[in-house]
Amino acid sequence: MPLVQMSSLLSKADTENYGVGAFSVGNMEMIMGAIRAAEEVNSPLIIQIAQARLPYSPLHMIGPMMISAAEKARVPVAVHFDHGLDVDVIGQALDLGFTSVMIDASHLPIDQNIEEVGKVKELADRYGASVEAEVGQLGVDESGIETLGNFYSDPYEVKKLYEKTNVDAIALSIGNAHGLYKKEPKLNFQLLNETKKLVSLPLVLHGGSGISQEDFRKAISLGIRKVNIATANFMSVEQEARNYCKDTKRDYFNLSSRMEKGMYLNVLKHIRIFQSMGKA
Ligand SMILES: [Zn+2]
């Protein structure tokens with residue numbers, strides 16, 4: 001099964017009412033673990049890396065590895081550039097073969113956001129790649145540190161951005177946050193419902209690490225089609241590595257396998273929650 005466009009995965013999910021997990025990766029083991037989980041239960045998959053992670057995983061190295069893994073996978077895999085901040089870097093991802101890109105201009109007033117998204121849409125169209133935008137701001141940015149304050153998405157701004165840019169997916173701020181939640185997240189389902197009534201495109205939920213299974217399923221029933229999982233992956237990989245290091249006999253290769261397993265377990269868990277098994 002080849003590397004695919006994100007839009008094709010999301011439109012099938014929209015028709016059949018399930019969610020597709022978009023899992024952040026940082027190294028080879030994480031890519032391998034994600035693909036093994038998706039293949040095992042025959043699920044579509046999105047693997048992604050955010051621009052903020054590139055100091056740890058340079059794009060010119062991790063990008064080709066993600067693309068190659070997707071091309072050889074037995075399930076459809078989209079390779080996504082998450083939270084693109086500069087058109088130049090987004091262009092580098094497209095040159096490498098990423099099949100979708102996100103431009104995060106959600107901190108700007110809506111008209112400027114639309115303008116930035118328009119530039120990326122024009123660029124991505126030349127590659128036949130999908131585009132995700134964001135309306136409203138999450139409490140914590142994707143590096144998991146900075147506090148931005150939480151600004152809910154305005155459904156009419158979502159509609160306006162969609163109509164002006166014709167993007168493939170829009171990420172919302174409905175009480176979700178990046179990183180770990182300090183207290184139990186309370187998603188605003190009414191806002192999600194209002195938005196879905198106004199726009200007919202796949203919606204995206206960022207900050208999926210720590211949302212309950214019940215809330216994930218409710219969000220999916222109300223039109224969320226892409227769910228971003230980052231922090232939970234990194235924690236699961238780190239935890240497996242930590243457990244392994246408690247063993248008295250250890251070596252690099254087994255450590256590598258345990259890191260792959262950490263990703264595999266977390267991806268499998270979320271695929272089951274999002275109900276994308278058997279949808280490849
Ligand atoms: Zn995000």
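Phe216 was my way in, and I find it buried, with 21 other C-beta atoms within 10 Å. I keep in mind throughout that this is a predicted model. Phe216 sits in helix H8, residues 213-221. I looked up its partners beyond four places in sequence and got Ile211, Val227, Ile273 and Phe274. I also checked Phe216 against Leu205: they are 11 residues apart along the chain, and their C-alpha atoms are separated by 9.1 Å.

**Entry: the core**

Next I turned to the largest nonpolar core, which has 81 residues. Which of its residues touch the most other members? I noted Ala34, Ile46, Ile47, Val77, Val101, Ile170 and Val267. Helix H10, residues 252-274, supplies the largest share of this core, with 8 residues. A reminder to myself on background: in soluble globular proteins, nonpolar side chains tend to be buried together.

I followed up on Ile47. Setting aside neighbours within four places in sequence, I see Ile47 in contact with Phe23, Val25, Ile31, Ala34, Met66, Ala70, Val77 and Val79.

I went to Ala124 in helix H5, residues 110-127. Is Ala124 buried or exposed? I count it as buried, because 25 other C-beta atoms lie within 10 Å and the cut-off is 20 or more. Its contacts, leaving out residues up to four places away in sequence, are Leu94, Val101, Ala129 and Val131.

Ile62 came next, in helix H3, residues 59-72. I find Ile62 buried as well, with 22 other C-beta atoms within 10 Å. From Ile62 to Val101 I read 15 Å, C-alpha to C-alpha, for a gap of 39 residues in sequence.

**Entry: H6 against its helix neighbours**

I took the pair H6 (residues 155-165) and H7 (residues 189-198) and found that their axes come within 9 Å and cross at roughly 30°. That angle is under 35 degrees, so I logged H6 as roughly parallel to H7. The crossing of these two helices is right-handed. Which residues make the contact? From H6 I list Pro155, Val158 and Lys159, and from H7 Leu191, Glu194, Thr195 and Leu198. Sorted by class, the contact of H6 with H7 has 4 nonpolar, 1 polar and 2 charged residues.

H6 also packs with H5, at an angle of about 35° and with the axes 10 Å apart. I noted a right-handed crossing here too, H5 passing H6. On the H5 side the contact uses Ile110, Asn113, Ile114, Val117, Gly118 and Lys121, and on the H6 side Glu157, Lys160, Leu161, Lys164 and Thr165. My class tally for the contact of H5 with H6 reads 4 nonpolar, 3 polar and 4 charged.

**Entry: H9 against H10**

I came back to H10 by way of helix H9, residues 231-245. At what angle do the axes of H9 and H10 cross? I read roughly 140°, with the axes coming within 8 Å. H9 passes H10 in a right-handed crossing. I wrote down Ala232, Asn233, Ser236, Val237, Gln239, Glu240, Ala241 and Tyr244 from H9. These meet Asn254, Leu255, Arg258, Met259, Lys261, Gly262, Met263, Leu265 and Asn266 in H10. By class, the contact of H9 with H10 has 8 nonpolar, 6 polar and 3 charged residues.

**Entry: positive phi angles**

Last, the backbone. Most residues other than glycine have a negative phi. I flagged Asn166, which has a positive phi of about 55° although it is not a glycine. Where is Asn166 placed? I found it in the loop between H6 and strand E6, residues 169-172. Asn166 is partly exposed, with 13 other C-beta atoms within 10 Å.

I flagged Gln275 as well: not a glycine, yet with a positive phi of about 60°. Gln275 belongs to the segment after H10. I noted it as partly exposed, with 17 other C-beta atoms within 10 Å.

Methods: Residues are numbered from 1 along each chain as its sequence is written. This is a predicted model: local features need pLDDT of at least 70, side-chain atom pairs count only at pLDDT 80 or more; totals for chains, interfaces and linings use all residues. Axes are lines fitted to C-alpha atoms, for helices over the stretch in contact, and angles run from 0 to 180 degrees between N-to-C directions. Helices (H or I, at least four residues) and strands (E, at least two) are DSSP runs, numbered from the N terminus. Angles under 35 degrees count as roughly parallel, over 145 as roughly antiparallel, 65 to 115 as roughly perpendicular and the rest as oblique. A crossing is left-handed if the near helix is turned anticlockwise from the far one by less than a right angle, and right-handed if clockwise. Two residues are in contact if their C-beta atoms, placed from the backbone, lie within 7 Å. Ala, Val, Leu, Ile, Met, Phe, Trp, Tyr, Cys and Pro count as nonpolar, Asp, Glu, Lys and Arg as charged, and the others, Gly among them, as polar. A residue is buried if 20 or more other C-beta atoms lie within 10 Å of its own, exposed if 12 or fewer, and partly exposed in between; C-beta atoms are placed from the backbone. A nonpolar core is a set of buried Ala, Val, Leu, Ile, Met, Phe, Trp, Tyr and Cys residues joined through C-beta atoms within 7 Å.
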